[in-house]
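Q: Could you walk me through a couple of the helices in this one?

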Amino acid sequence: MLLIYPCLPSIAQPLLTPSLITQSIEPTTAEEYLYRAIGFVRKENYQKAIADLNKVLQLEPNNVTAYQVRGDAYFDLEEYQNAVSDYTNALKYEKLALTYFLRGRAYFQLDQDQQALQDFNSAISLNNDDEDYYYFRGLTYYILDDYQKAIPDLTVALKSNDEETIASNNKEYIYFYRGSSYFEADQYEKALADLNQAISMTQSNPRFFSIRSLTY
């Protein structure tokens with residue numbers, strides 16, 4: 001899950017652990033509801049988080065962070081259309097690369113590939129240093145059969161060494177999709193190298209072997 005948390009005063013940071021914030025007294029301000037909602041999200045109690053975020057938006061209808069966090073909660077509940085709606089509202093007030101990426105990811109889950117591609121393009125135009133953005137754009141190009149564009153994006157995604165990124169945790173799939181793109185582009189030696197790399201990382205996916213057999 002990728003989640004934007006509000007910038008908190010340093011004195012408040014030690015107090016905002018999930019166990020403490022979700023056991024606190026009933027909030028009375030938008031800020032307090034927001035902090036408690038974040039605590040619920042961290043405990044994966046998304047319904048309670050959404051209820052608190054609804055309160056935030058009743059009190060502060062323009063609260064960008066509340067839309068962002070509620071969108072993340074809806075995404076984790078697989079309510080992707082609701083997530084799209086919240087990210088869209090957040091983007092009305094602030095154009096953030098991460099928000100475009102997250103909305104693109106929700107569109108991706110809804111199989112709305114052109115909308116996803118537009119959002120990944122917007123995210124990369126605002127921040128071209130995040131490998132996850134390239135990973136998902138590469139996957140979208142792959143799904144759209146645009147293999148020549150998928151290959152360079154997946155190549156960028158493979159550069160990620162940050163253990164917390166989506167790209168780093170999906171290296172075998174990036175090799176697979178890039179290898180499959182090379183296969184579709186008739187670049188069989190490169191395809192074979194990537195498919196071998198994917199299979200060396202995991203041998204549990206029959207698709208990897210299937211495409212490699214076709215490559216051979």
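Predicted model: local features only at pLDDT ≥ 70, side-chain atom pairs only at ≥ 80, totals over all residues.

Q: Okay, how many residues does α4 have, and how far does it reach?
A: Helix α4, residues 64-76, has 13 residues and reaches 19 Å from its first C-alpha to its last, which is close to the 18 Å expected at 1.5 Å a residue.

Q: Is it buried or exposed?
A: Of the 13 residues of α4, 12 are buried, so the helix is largely enclosed by the rest of the structure. The buried residues include Tyr67, Gln68, Arg70, Asp72, Tyr74 and Phe75.

Q: And what covers those buried residues?
A: The cover of the buried residues of α4 includes α2 (30-42), α3 (46-59), α5 (80-93) and α6 (97-109).

Q: What happens at the start of α4, and what follows it?
A: At the start, a side-chain oxygen of Asn63 comes to within 3.2 Å of the backbone nitrogen of Thr65, and after the helix comes Glu78, whose phi is positive, near 65°.

Q: Switching topic: at what angle do α7 and α8 pack?
A: Helix α7 (residues 113-126) and helix α8 (residues 131-143) pack at an angle of about 150°, and their axes are 9 Å apart. Since angles over 145 degrees count as roughly antiparallel, the two helices are therefore roughly antiparallel to each other.

Q: Left-handed or right-handed crossing, and which residues make the contact?
A: The crossing of α7 past α8 is left-handed. The contact is made by residues including Leu117, Phe120 and Ile124 of α7 together with Tyr133, Phe136, Arg137 and Tyr141, among others, of α8.

Notes:
Residues numbered from 1 in each chain as written. Heavy atoms only, no water. Helix = DSSP H or I, 4+ residues; strand = E, 2+ residues; numbered from the N terminus. Expected span 1.5 Å × (residues − 1). Buried < 20%, exposed > 50% of the residue type's maximum accessible area, 1.4 Å probe, protein only. Contact = heavy atoms within 4.5 Å. Polar contact = N/O pair within 3.5 Å; in protein donor to acceptor, adjacent residues only side chain to side chain. Axes fitted to C-alpha atoms, helices over the stretch in contact; angles between N-to-C directions. Parallel < 35°, antiparallel > 145°, perpendicular 65-115°, else oblique. Left-handed = near helix turned anticlockwise from the far one by under 90°.
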